[in-house]
Amino acid sequence: MEEIRKYFTKKILRGLLFPLRLLPINRNQILLINDLGGNYSCNPKVIAEYLIKEYKNDYKIIYAVKDYERMPFIKEKGMYPVGFNSLKYFYYAMTSKVIVSNSGGYSYIPLRTAQYVINTHHGGGAYKSSGADMFKPSHFLKNDMLLQANCTDVFLSTNKRFTEVMAQASYMPETKFWEIGMPRNDDLINENLERKEKIRQDIGLTKDEKLVLYAPTYRKPEDNYYKGSIAIAYNIDMKRVCEALKKRFGGSWKFAYRLHPCVENKRDYIVEGAMDLSDYEDMQDLLLVADVLINDFSSSFWDFMLTKKPAFLYAVDLKHYVETTKVYTPVADWPFPKAENNDQLIDNILNFDEQKYKKDCENHYKMLGGCETGNATELVCNRIVKECRKK
């Protein structure tokens with residue numbers, strides 16, 4: 001019933017908004033949507049800032065937001081904030097020449113063929129299953145997904161395997177996929193040192209401190225392996241981790257954790273002695289400054305792998321995940337040293353083989369057909385400008 005309700009709600013909205021097609025399209029107007037207006041990060045953020053830097057006076061850049069109070073800087077940066085799903089949002093969506101989104105927000109809007117939609121997506125690699133591959137879609141869910149597929153002109157891809165599986169999972173032809181990587185990964189590949197140093201200062205790292213970032217993915221409350229606090233549930237021993245990192249890599253180490261955005265009441269899960277970066281909006285910033293990443297099944301593994309820095313997989317529910325979760329690439333084929341408890345994790349750190357790790361990552365990248373260019377931002381923005389200049 002929920003799938004039917006959702007589908008017909010979108011159809012009704014498309015009908016109600018249809019008269020707005022009489023409005024002229026503004027060729028110098030670009031609408032950006034990140035996480036359905038939830039925050040300022042990911043690919044739309046990178047694209048917005050490039051456009052402002054290179055074409056500040058040429059284009060009107062609209063940025064969708066859910067909460068103005070959380071993002072007052074949008075206006076200061078030279079963009080026009082608009083409430084997501086507000087009347088103004090519908091107006092700007094119907095009159096923008098180009099729409100850029102990493103998570104939808106346009107399938108229920110009756111766009112015109114003269115408008116151009118770029119879906120940047122929000123995850124790299126080809127790991128957890130998505131869309132139609134997660135479950136057998138009903139007639140209504142399939143048609144719901146087709147609403148978005150049909151009005152998407154370009155879908156960014158990080159590798160050839162992603163193109164293959166996502167085309168099937170989203171009912172989109174492979175010809176719509178643009179294999180150039182993600183704009184948000186450009187600074188990771190090229191290592192933007194100036195930005196890196198600024199972020200280090202912003203989060204309070206001293207000059208000599210190294211950062212290990214623990215960023216586990218979301219666990220549903222009804223999952224038996226979820227025990228409330230991520231840090232407690234996973235029982236990671238941050239003191240031993242830091243000691244092992246110091247012994248293996250040298251230097252002074254700071255332990256930081258970032259809870260998944262879907263975890264509620266994050267303040268209840270503060271871990272004494274650790275740096276809480278859960279409210280830091282842009283994960284890519286943290287990946288840029290982290291010297292080591294400890295994760296479980298997040299696609300951020302792909303992004304961090306591009307930096308060639310050590311990453312470790314740590315999950316007490318590793319076997320449970322493998323047995324119950326559909327994935328495109330078997331976890332056993334991921335190049336990151338795997339551990340199900342603290343002893344194994346410490347052992348993996350102390351015995352980390354840098355040469356083997358780099359070779360495993362290179363083979364993994366090749367196996368998936370990696371196509372990160374390191375200049376995806378420029379390529380996407382050039383495409384946007386080209387579309388805006390079309391008569």
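Predicted model: local features only at pLDDT ≥ 70, side-chain atom pairs only at ≥ 80, totals over all residues.

**Stop 1: the seven-stranded sheet.** Select β1 to β7. They make an open sheet with parallel pairing, in the order β3-β2-β1-β4-β5-β6-β7. At the edges you will find β3 (80-83) and β7 (177-179); each has a single partner strand, so one side of each lacks a neighbour in the sheet. On average, neighbouring strands here are turned by 25° against each other, direction ignored. Now zoom in on β1 (residues 26-33) and β4 (residues 96-101), which run parallel and are joined by five bridges. Asn26, for example, has Ser96 in β4 as its bridge partner.

**Stop 2: the six-stranded sheet.** Move on to β8 to β13. This open sheet is also paired in parallel, and its strand order is β10-β9-β8-β11-β12-β13. Here β10 (275-276) and β13 (338-339) are the edge strands. Inside the sheet, six bridges connect β8 (residues 209-214) with β9 (residues 252-257), and Val212 is partnered with Phe255 in β9. Helix α10 (residues 238-249) packs on the sheet, in touch with β8, β9 and β11. Select helix α14 (residues 342-350) too: it lies across β11, β12 and β13, running at about 165° to β12.

**Stop 3: a patch on the surface.** Which residues form a nonpolar patch on the surface? Select Phe8, Ile12 and Leu16, which together have about 330 Å² of accessible area. Ile12 sits in helix α1 (residues 2-17) and is exposed, with a relative accessible area of 53%.

**Stop 4: salt bridges.** The structure has 16 of them. Begin with Asp303 and Arg184, whose side chains meet at 2.8 Å, N to O. This pair links distant parts of the chain, 119 residues apart: Asp303 is in helix α12 (residues 300-305), and Arg184 is in the loop between β7 and α7. Are the two buried or exposed? Asp303 is buried at 0% relative accessible area, and Arg184 counts as buried at 9%.

For a contrast, select Lys198 and Asp202, a salt bridge at 3.0 Å. Both lie in helix α8 (residues 193-202), four residues apart, and both are exposed.

Finish with Lys45, Asp187, Arg195, Asp282 and Asp285, which salt bridges link into a network.

Terms used
Residues numbered from 1 in each chain as written. Heavy atoms only, no water. Pairing = 2+ DSSP bridges. Helix = DSSP H or I, 4+ residues; strand = E, 2+ residues; numbered from the N terminus. Contact = heavy atoms within 4.5 Å. Axes fitted to C-alpha atoms, helices over the stretch in contact; angles between N-to-C directions. Patch = residues over 30% accessible without salt bridge, like charges linked within 9 Å, V, L, I, M, F, W, Y side chains within 5 Å. Areas by Shrake-Rupley, 256 points an atom, 1.4 Å probe, with all protein chains shown as cover. Salt bridge = Lys/Arg side-chain N within 4 Å of Asp/Glu carboxyl O. Buried < 20%, exposed > 50% of the residue type's maximum accessible area, 1.4 Å probe, protein only.
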